[in-house]
Amino acid sequence: MPEIMRPRPSDSVDSDPVTVRVQDARIGLAALIADAEEARRQREEGTATDGGSAVCAWNHFENIPTFYNWNNRPR
Amino acid sequence: MTWSGMRGIASTPTYVVMQPTTLCNLDCTYCYLPHRNADRRMPVPVARAVATAVEPWARTGRFSVVWHGGEPLAAGRDHLAALIAPFGERVEHHVQTNATLIDDAWCEFFAEHRVRVSVSVDGPRERNGDRVTRGHRPAYDRIRRGIEALRRHDIPFSALCVVGRPHPGLATELYDYFLELGCDVLGINVEELEGVNRRTNRHPAADVTAFWAELVAAWRRAPRIHLREIEWSLRYAGAVLAGVADEVLPRQLDPIPTVAYDGSVVLLSPELAGFSDARYGDFTSGNVLTAPLGEILDRAAETPWIAEFLDGVEECRSSCPYFGFCGGAHAANRYFEHGRFDATETDHCRNSKIRLLEGVLDHARDHEATAV
């Protein structure tokens with residue numbers, strides 16, 4: 001399916017075209033999300049006290065919601 | 001649904017971007033920074049003023065200083081150490097560097113000051129044609145030498161990769177390169193039309209979407225790297241599937257203060273620092289040498305361009321179905337692409353958010369067979 005070329009506001013989650021698109025891909029996404037969770041576990045990510053890895057540099061930001069929000073990021 | 005996040009600007013930032021010098025020893029063709037051939041160094045009183053302001057913020061939560069540039073290492077170790085010194089123990093320090101100046105002494109500096117390192121490199125040698133010295137010679141060998149020093153000292157590092165033209169066939173090559181490079185974290189920045197870089201960033205939609213989908217496939221084969229764009233996309237997709245999509249965006253925008261070498265403060269988009277416009281002035285919201293940073297943040301919405309930007313965020317909220325994933329177009333992209341802050345969709349949105357999510361979803365759709 002192509003990207004949504006005519007964005008429009010939505011009245012509910014159910015009618016939000018992006019949400020619908022995500023839900024349509026739920027089977028493949030579930031597997032992908034599971035892979036990502038396992039990969040994070042293998043990389044030993046996720047602890048705020050982890051000081052030995054560069055991962056925490058950006059996880060640090062990701063753990064702070066305001067960096068995750070994308071209103072900017074390192075370039 | 002009305003997305004409830006990203007309403008207004010938070011009064012407390014989670015990090016501050018600092019410009020220890022305007023100078024960069026490279027002259028990359030896509031760079032957005034003005035004044036990068038001038039060595040205007042941040043005086044220590046600027047750092048001291050920022051350190052005083054952030055001290056209470058660091059006491060109540062994690063707080064970071066990102067030393068950005070110019071090329072921050074061009075400030076020299078002694079000066080950077082003097083700028084770091086006023087900050088308390090709880091403040092975390094990060095540096096975004098082109099790596100060309102990194103040697104054993106810098107590695108010892110990073111370890112001593114517990115500075116977390118992110119390097120800028122665009123993939124294999126032939127993908128680094130835009131990264132050149134001031135003499136217009138390829139910078140790649142110097143970049144690699146710096147990264148080798150990090151590896152020699154077992155200093156973990158992140159990497160940022162600029163992609164000028166996303167297209168099918170490129171993503172696997174890039175990901176394999178960064179696997180070999182040994183970075184822990186990777187961010188992909190599709191080149192932006194921004195600042196003094198006026199090259200177009202308009203690309204065929206199918207090419208960009210295919211690039212991201214291919215990147216997911218490449219990552220999935222060996223997910224040893226924390227790949228920023230994939231993590232972000234899956235966090236959103238997972239929240240949608242769990243019925244909590246509206247919890248993904250933060251409640252308010254982070255002000256992301258950028259403190260320029262002279263103490264002037266530009267909020268929300270570091271890329272605006274150093275520019276001026278007849279309508280918006282110089283984009284600054286104050287100077288830490290004449291007002292506390294906290295006061296500057298409290299008055300953020302009084303800066304005319306920021307008030308217009310907040311209108312733009314609301315326009316994104318009401319018009320774009322990707323808002324729950326994105327949170328609104330970045331200020332600098334709106335300005336440099338549209339000349340205004342209340343314009344909405346940008347080519348940066350298309351390249352780095354919309355088509356990213358679409359690429360991830362395409363991959364998921366096409367790989368259902370691997371689902372249990």
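1. Two residues are taken to be in contact if their C-beta atoms, placed from the backbone, lie within 7 Å. On that basis, the buried residues of α9(B) pack against α10 (323–326) and α11 (331–338) of chain B. Helices (H or I, at least four residues) and strands (E, at least two) are DSSP runs, numbered from the N terminus.

2. This is a predicted model, in which local features need pLDDT of at least 70, side-chain atom pairs count only at pLDDT 80 or more, and totals for chains, interfaces and linings use all residues. Residues are numbered from 1 along each chain as its sequence is written, while chains are lettered from A and ligands numbered from 1 in the order in which they are written.

3. Helix α9 (residues 304–319) of chain B has 16 residues and spans 23 Å from first to last C-alpha, close to the 22 Å expected at 1.5 Å a residue; the expected span is 1.5 Å times one less than the number of residues. Its buried residues include Trp305(B), Phe309(B), Val313(B) and Arg317(B). A residue is buried if 20 or more other C-beta atoms lie within 10 Å of its own, exposed if 12 or fewer, and partly exposed in between, with C-beta atoms placed from the backbone. Seen down the axis, the buried residues of α9(B) fall within an arc of 155 degrees, so they line one face of the helix. The arc is that of the directions from the helix axis to the C-beta atoms.

4. Helix α12 (residues 347–366) of chain B bends by about 40 degrees at Arg355(B), the bend being the angle between axes fitted to the seven residues ending there and the seven starting there. Of the 20 residues in α12(B), 17 are buried.

5. Chain B has an open sheet of 10 strands with mixed pairing, in the order β7-β6-β5-β4-β3-β2-β1-β8-β9-β10. Strands β7 (226–227) and β10 (284–287) of chain B are at the edges with a single partner each, so one side of each lacks a neighbour in the sheet. Two strands pair if DSSP finds at least two bridges between them. Strand β6 (residues 185–190) of chain B runs parallel to β7(B) and is joined to it by 2 bridges; Val185(B) stands opposite His226(B).

6. Some backbone geometry deserves a check. A cis peptide bond, with omega about 0 degrees, joins Gly69(B) and Gly70(B). Phi is positive at Arg114(B), near 50 degrees, and at Phe283(B), about 70 degrees. Arg114(B) is exposed, with 11 other C-beta atoms within 10 Å, whereas Phe283(B) is buried, with 26.
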